[in-house]
Amino acid sequence: MIRSVVFDVGETLIDETRIFGRWADRLGVPHLTFFGTLGGVLAEGRPMLDAFRLVKPGFDLDAEITAWQRDEPHSLRENFDADDLYPDVRPTLERLRAQGLRVLVAGNQPAQAEDALRAMDLPVEEIHVSAAWGVAKPERAFFTRVIEEAGHAAEEILYVGDRVDNDVIPARAAGLRTALLRRGPWGYLHAERPEAAQADVIVSSLAELADWLAANVR
């Protein structure tokens, strides 16, 4: 029986299209150019930051974020707000809680993301980000914290994310059950990888996930 469901953030709950669009503007390239370059490096299994360095050689993430904050102190910049939630998020979270499941959020995010998520008043019990924990996926210690916060045995927790490397494989290694979500650039690419078969289920929406939970875990 699954008793807790824990959700990743980026491209699981949050549509990052506007964020990457603002980055394209900041880097001075068309959106299609940046999105295509991003997809290319991800398809090759390279780090996401390689896309930034391809369009801006010598790119330094921390320095650029600092400069961006100075230039546009009141803009969202690399952050998100409630307008970036995928449409199926609130209905699914409410449905899972109505089914008696404990629902949490835990993902690799900076400290300000926790404040942004809390401001959305999501129907979840807890919200956690890696910056506050001082440990990030795919480290085993991250999923140890997930288990502690969920308050159930590892095999009673379902971790939901869009990546096999950061979500499915390490969560499974920690004893959790896993769902791979086919959305966002990682989700579509990773769903085609052999390792995706390690997930308990592969879904194309959170509504589909809720249907699967209703049919398979009670």
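Biologist: Which residues in H5 meet which ones in H11?

Modeller: Keep in mind that this is a predicted model. On the H5 side you've got Val-89, Thr-92, Arg-95 and Leu-96, and they meet Leu-206, Ala-207, Ala-210, Asp-211, Leu-213 and Ala-214 of H11. Sort the residues of that contact by type and you get seven nonpolar, one polar and two charged.

Biologist: Is the crossing of H5 and H11 left-handed or right-handed?

Modeller: H5 passes H11 in a left-handed crossing.

Biologist: Let's switch to rings. How many aromatic pairs does a search of the whole structure find?

Modeller: Nine. In general, a ring pair is described by the distance of the centres and the angle of the planes. Take Phe-143 and Tyr-159: the ring centres sit 5.4 Å apart with the planes at 80 degrees, so this pair is edge-to-face.

Biologist: Where in the chain do Phe-143 and Tyr-159 lie?

Modeller: Phe-143 is in helix H8 (residues 140–150) and Tyr-159 is in strand S4 (residues 157–161), so to speak a link between distant parts of the chain, 16 residues apart.

Biologist: Are Phe-143 and Tyr-159 buried or exposed?

Modeller: Phe-143 has 0% relative accessibility, so it counts as buried. Tyr-159, at 1%, counts as buried too.

Biologist: Which residues do ring pairs link into a cluster?

Modeller: Phe-20, Trp-23, Phe-34, Phe-52, Phe-59 and Trp-68.

Conventions:
Residues numbered from 1 in each chain as written. Predicted model: local features only at pLDDT ≥ 70, side-chain atom pairs only at ≥ 80, totals over all residues. Heavy atoms only, no water. Left-handed = near helix turned anticlockwise from the far one by under 90°. Helix = DSSP H or I, 4+ residues; strand = E, 2+ residues; numbered from the N terminus. Contact = heavy atoms within 4.5 Å. Nonpolar A, V, L, I, M, F, W, Y, C, P; charged D, E, K, R; others polar. Phe/Tyr/Trp six-rings, centres within 6.5 Å; stacked < 30°, edge-to-face > 60°. Buried < 20%, exposed > 50% of the residue type's maximum accessible area, 1.4 Å probe, protein only.
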